Amino acid sequence: AGRCGPAPRRRSVPSILRELAEKRQLSEEIVSLLQAQFSDLPRELHSWRQMADYSPEMRQFACLLHLYHIKAYDYLRKILPLPHPYSLTNWLSSNEAAAGFSSDIFLRLQEKVERGDQACRCCAVLVQDVSLQKQQEWDPRSKRLSGFADLGAGILDADEAPLASEAIVLMAVGISSPWTAPLGYFLVNSTSGPFLAQLLRQAIHKLNSVGVVVLAVTSGASARGAETARALGIRIDPKRIRCTFQHPPGSAHSIAYFFDVPHALLLIRNALQCFQKVEWLGDTMWWQHVVELAALGEQKVLEPCSAESGKAGSKGSYHLKVNLATLLFSKGVAEALEHLQKLGLASFQSCSGTAKFVRLMSSLCDVFYGRGPYGKEPLLAGNYTKISNLFDEARSCFVNLTDSVGRYIIKSKRKLGFLSLLLNAESLKWLCSNHTCLKGTPSQHLHTYAFSLDPLEQFLRALQQACGSSGSPTCAVFQAAYHKLLASCSLAPGSPPSSGNASPWDVSLSQRRALTLGSIRAQYHPAPGRPLAPEYPYSAGLLLPSSALSNALTDLSLYAQSLTCTAGWVAEQLALDLQCEPCLASLFEADESRLRCRSVLYIKKLGGVSLPSASVHHITSISEQVLNQYGKVGSANNNTKLWHLCLEQKVFQELLGESPLFPTLTKHLFEGELSINNHYTVLVKEITRCYLNVRTHPTQHLNLKYPCGRHELKTLKGKHLFPSPLGSCQSSLTHTWS
């Protein structure tokens, strides 16, 4: 009689998971989490036959396995009746701003599409992570512990479950119209490129299901972003770039992939700083030229007087001031380098190659931000040809860049920034030439800002404000803030969610702030503030508590001079942190006899202080009039926040109906989130607040000795004019969230 072999082992869900771990198709960490979290799940395979009867735990198990390991999920689908991956989208959705996809946002998008809103037909999807503080908390509303990972299908709250350390936030952004829609967030302990790739595919599928076509995806230019791109099928190789992926996989629909431009520019900045000198096709870019430009600051320059002056042989002088708000990769920096070279400054005599590289980078930024000669219509034939030629020039430069010993940078460990821009160039060209959805839009407008993370970072800054802290929030605080912002989300063009008091300086994103000349100067010449010139001509009547007698006894010419110097002081203080190049230039009176250069200002001086522009002087004059009319400076009853707000209101009322301020900033009236909250209006408010602050709290800003009996120059005990505690006249112009 033949022997019977060993009875086949009865397969169960735990045994299958162990098999996958042994085959290294599933990590031991995930297997342990699944077994701990889902210990009550049916062990036998026959209990999984009816998907309609799946319990919440079974759905959670399926979602977790799919997002963390798609291959393991596909393997289990051959054994268990698990749903198609895109059927899991509904299980990953939630209401009331809980973790997962926001059902309400998708419903509102669907309603817009069904009403025929063409602007919602196509969009880009942005993804970014937010750091969270690991903390377990008791939620009295749900009567459960919170702080654990949550992918939208339920909290992973087993004893072995890790606490969440990140929130992955997804946003849809209009391409032909500037609308934004926060799609949801996911609380995770750790993440990877394949995980983010599956999350993005779920978001794309859900958008497609409500009638919105996704044309592009954007992530950060980081190791995780590159891993996500590769997991989707993107190839980041300068010789064989593949800038699109198919969704669903194997279908005819392609989606372009972009890396965030400010992130990529920051990587390129770091590479140039690391190599110090790079060469390409006979040109040389020296980092030291940029350092010298940033370090120039303010300088008194002598020049021979012209023959017309009648003082042949003598020398005149002027004050040259570098605009530290200028972005490194801008036309202004290229012009400044060439201008200083023409002036004969020794440090800039071989900067032609540096200026050429900076101008090339500036042109690329113009394209990716839809500004300059390219505007918002790259689909037009003339613009497309110019853009293609520019991209070819950039590619030729990047692939031939070498360091000081001849090694190609595109093959070095500092290559990601350059590769990111090359990929973005190919993606934009493909999008403009292949997608019929865009060609049907009015005027063929393309809002290229949708391919950067700027809209999402703006939302995250508002979210940080709603959290009420500059540090990493806990899960509970993050979720409460997200719920607050989601309630104010309108999906209207140009109206992103706002906490109501987010930073008004919208250009000072954290990446861009690190790309200014000011940030480079701070690296090499750190200085917390600007020392007061010893010849600063302040009159006692202005800084002492105001009274009719003191004003009457003050020499009117000295009083006017003091007011001018105080206005100049205000301009200097705002310039320390101002991140907008035109706004900074508008603070000072320019020397019109000199050739204008965007990054180099020619300014006039009085007693060691820069003369303010006429607009700054007028605002401070009105502020002084209001201060003298509506309150006694220094009174205990007046030093309140409400009193200051009342003074500001009176100043604004006095300014209404007068001649326009800042004639060079008219375009700023139509920029920003709202026409009433743009650079122009914010600049007026900041000047007023700074002036009123220093006038009502002089001893907090100036540690002065007041003379008696006659007007003398005051001396300064402290080193710096304006320290930056909360409540000083310096504004917090940027909000970073690590």
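In strand E8, the bridge partner of Leu-126 is Thr-218, and Ala-124 likewise has Ala-216 as its bridge partner in E8; strands here are DSSP runs of E with at least two residues, helices are runs of H or I with at least four, and both are numbered from the N terminus. The model is predicted, so that local features need a pLDDT of at least 70 and side-chain atom pairs count only at pLDDT 80 or more, while totals for chains, interfaces and linings use all residues. Residues are numbered from 1 along each chain as its sequence is written, and side-chain values use heavy atoms, with hydrogens and water left out.

Strand E3 (residues 122-131) and strand E8 (residues 213-219) run parallel and are joined by 5 bridges, whereas E3 and strand E6 (residues 166-174) run antiparallel and are joined by 9 bridges. Within the latter pairing, Val-127 stands opposite Leu-170 in E6. Of the 10 residues of E3, 8 are buried, that is, under 20% relative accessible area, as against exposed at over 50% and partly exposed in between (1.4 Å probe, protein chains only). The open sheet consists of 8 strands in the order E1-E2-E7-E6-E3-E8-E10-E9, with mixed pairing, where two strands pair if DSSP finds at least two bridges between them. Its edge strands, each of which pairs on one side only, are E1 (93-94) and E9 (244-246).

Asp-260 occupies the loop between strand E10 (254-259) and helix H8 (261-275), and this residue is buried, with a relative accessible area of 0%. Apart from neighbours within four places in sequence, the contacts of Asp-260 (heavy atoms within 4.5 Å) include Thr-218, Ser-219 and Asp-454. From C-alpha to C-alpha, Asp-260 and Gly-417 are 9.9 Å apart in space, although 157 residues separate them in sequence.

Among the helices, the axes of H2 (residues 28-37) and H3 (residues 56-68) come within 11 Å and cross at roughly 170 degrees; H2 and H3 are therefore roughly antiparallel to each other. In this contact, Ile-30, Leu-33, Leu-34 and Gln-37 in H2 meet Gln-60, Phe-61, Leu-64, Leu-65 and Tyr-68 in H3.

As for confidence, the protein chain averages a pLDDT of 76, and 74% of the residues score at least 70, pLDDT being the predictor's confidence in each residue, from 0 to 100. Over residues 1-8 the pLDDT stays under 50, and the model has 0 contacts beyond four places in sequence for this stretch.

Terms used. Axes fitted to C-alpha atoms, helices over the stretch in contact; angles between N-to-C directions. Parallel < 35°, antiparallel > 145°, perpendicular 65-115°, else oblique.
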